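Please read it alongside the sequence and structure shown here.

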Amino acid sequence: MMAPAVKIYTIDTENFYKTTRGTSYASPMLAGTAALLKSNFPYLTAAQLKEIILSSGTKLDLKVNRPGNEEGDALVPFSILSKTGSILNSDAAFQKVMAIKK
């Protein structure tokens, strides 16, 4: 999994909301989703959690800057930078577990 991030809406140290970027903000979102799934569905294994999160993301069909490139360099499809071509969707992950559970 990867956890890049741009435009994450979060709270800052002064209790104001802002948008920010970076893995320091994205990784906790991914870990939090896994923790919430595990706490609600304790029978899920680590492999199942991974599969559910990876398969329930929201697909993106857009072009982005390749990490390390300068602003203005040619954009590349998001799908070549991401194994799944999608972004985290916690709600979809929960819905997927609920559908499996039935």
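Which exposed residues does the face of α1 turned away from its buried side carry? They are Ser-24 and Ser-39. The model is a predicted one, and the points below are grouped by topic.

**Helix α1**

- Helix α1 spans residues 23-40, 18 residues in total. From first C-alpha to last it reaches 25 Å, close to the 26 Å expected at 1.5 Å a residue.
- Ala-26, Leu-30, Thr-33 and Leu-37 are the buried residues of α1. They lie on the same side of the helix, because the arc they cover around the axis is only 55°.
- The packing partners of these buried residues are β1 (8-11), α2 (46-55) and α3 (90-101).

**Nonpolar core**

- The largest nonpolar core consists of 9 residues: Leu-30, Leu-37, Phe-41, Leu-44, Leu-49, Ile-52, Ile-53, Ala-93 and Val-97.
- At least two residues of this core come from each of α1, α2 and α3. The helix that gives the most is α2, with 3 residues.

**Phe-41 and the aromatic pairs**

- There are 2 aromatic pairs in the model. In the pair of Phe-41 and Tyr-43, the ring centres are 6.3 Å apart and the planes stand at 75°, so this pair is edge-to-face.
- Phe-41 is buried, as its relative accessible area is 4%. Its pair with Phe-94 is tilted, with 6.0 Å from centre to centre and 55° between the planes.
- Phe-41 sits in the loop between α1 and α2, while Phe-94 belongs to helix α3, so their pair ties together parts 53 residues apart in sequence.
- Through ring pairs, Phe-41, Tyr-43 and Phe-94 are linked into a cluster.
- With neighbours within four places in sequence left aside, the contacts of Phe-41 are Phe-94, Val-97, Met-98 and Lys-101.

**Exposed positions**

- Asn-15 is located in the loop between β1 and β2 (17-20). Its phi is positive, at about 65°, although Asn-15 is not a glycine. For context, most residues other than glycine have a negative phi.
- Asn-15 counts as exposed because its relative accessible area is 60%, and the cut-off for exposed is over 50%.
- Ala-46 is part of helix α2. Its relative accessibility is 64%, so Ala-46 is classed as exposed.
- Between Ala-46 and Leu-36 the separation is 10 residues in sequence and 13 Å in space, C-alpha to C-alpha.

Terms used: Residues numbered from 1 in each chain as written. Predicted model: local features only at pLDDT ≥ 70, side-chain atom pairs only at ≥ 80, totals over all residues. Heavy atoms only, no water. Helix = DSSP H or I, 4+ residues; strand = E, 2+ residues; numbered from the N terminus. Expected span 1.5 Å × (residues − 1). Buried < 20%, exposed > 50% of the residue type's maximum accessible area, 1.4 Å probe, protein only. Arc of directions from axis to C-beta. Contact = heavy atoms within 4.5 Å. Core = buried A, V, L, I, M, F, W, Y, C linked by side-chain atoms within 4.5 Å. Phe/Tyr/Trp six-rings, centres within 6.5 Å; stacked < 30°, edge-to-face > 60°.
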